[in-house]
Amino acid sequence: MKIPKDYASYEEIIKGSRFLSELFLISSQAEVREKIKAQKQKYADATHVCHAFICGKNAELMGMSDDGEPGGTAGRPMLDVLKGSGATNLLVTVTRWFGGTLLGTGGLVHAYGSGVKNVLALAEFEELVEKSSFALSCDYQQYQIVKKIFEGFTLYELSEEFGEAVSIKGQLAQSDFNLLEQKIFDSTNGKVEVTNS
């Protein structure tokens with residue numbers, strides 16, 4: 001499964017109606033609710049803020065809303081495109097400002113579906129990696145050893161605090177956690193322990 005790296009947006013005008021498709025990286029259903037609420041406040045002047053989302057490492061959570069458009073003309077085509085994308089942990093909202101011309105059922109299905117296709121085409125994706133958080137503390141001499149070991153791993157959200165000792169926090173692939181823990185323990189003669197934070 002892949003996940004979006006970042007926010008993306010795509011806008012088009014169809015028969016006078018403005019459609020703004022926005023893609024967000026999400027990690028839970030609660031986050032979806034917050035984001036939808038924020039979108040509706042942000043675009044209070046819009047006619048509809050429709051959405052579809054897929055979440056979970058096996059894309060097991062999904063949902064959608066037509067937000068007042070005729071049933072099945074917005075949320076369903078949006079979700080169908082997301083399901084076919086091979087991606088998870090993403091939410092797409094399509095905000096519509098009505099332009100005076102009715103698009104009809106087929107026109108709406110096409111507009112919402114293509115909005116999602118276009119925003120997905122603009123987005124960058126990366127493989128979904130199950131991550132573990134880690135933390136460790138070491139002296140400045142051990143820090144040089146630890147830094148060398150880090151070069152052999154892909155680390156995420158690494159933060160270092162330098163005080164009397166060096167405190168390091170970060171994330172790495174779950175599958176690499178035990179190896180990192182073992183290498184640091186061995187290379188520092190058991191003086192530095194990696195904990196699962």
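Predicted model: local features only at pLDDT ≥ 70, side-chain atom pairs only at ≥ 80, totals over all residues.
Stop 1: Start by colouring the strands. You're looking for an open sheet of 5 strands, in the order β2-β3-β6-β4-β5, with antiparallel pairing. Now pick out β2 (8–14) and β5 (61–65): these stand at the edges with a single partner strand each, so one side of each has no neighbour in the sheet. From one strand to the next, the twist averages 15 degrees.

Select Glu11 and you'll find Leu20 of β3 standing opposite.

**Stop 2: the helices across the sheet.** Show helix α2, residues 75–83. This helix lies across β4 (48–55), β5 and β6 (90–97), and runs at about 30 degrees to β4. Next, bring up helix α3, residues 104–122, which lies across β2, β3, β4 and β6. Against β2, helix α3 runs at about 145 degrees.

**Stop 3: Thr73.** Go to the loop between β5 and α2 and select Thr73. Is Thr73 buried or exposed? Its relative accessibility is 1%, so Thr73 counts as buried. Show its side chain: a polar atom there lies 2.6 Å from the backbone oxygen of Pro70. Leaving aside residues up to four places away in sequence, Thr73 touches Asp66, Thr105, Leu108, Val109 and Tyr112.

Stop 4: Tyr143 belongs to helix α4 (residues 140–150) and Phe162 to strand β9 (residues 155–162), so the pair ties together parts 19 residues apart in sequence. Tyr143 counts as buried, because its relative accessibility is 10%. Phe162, at 47%, counts as partly exposed.

**Stop 5: charges over rings.** Select Trp97 and Arg18. Arg18 lies over the face of Trp97, 4.0 Å from the ring centre. To finish, jump to Tyr156, where the charged end of Lys131 sits over the ring at 4.0 Å from its centre.

Technical notes:
Residues numbered from 1 in each chain as written. Heavy atoms only, no water. Pairing = 2+ DSSP bridges. Helix = DSSP H or I, 4+ residues; strand = E, 2+ residues; numbered from the N terminus. Axes fitted to C-alpha atoms, helices over the stretch in contact; angles between N-to-C directions. Contact = heavy atoms within 4.5 Å. Buried < 20%, exposed > 50% of the residue type's maximum accessible area, 1.4 Å probe, protein only. Polar contact = N/O pair within 3.5 Å; in protein donor to acceptor, adjacent residues only side chain to side chain. Lys NZ or Arg CZ within 6 Å of the ring centre and 35° of its normal.
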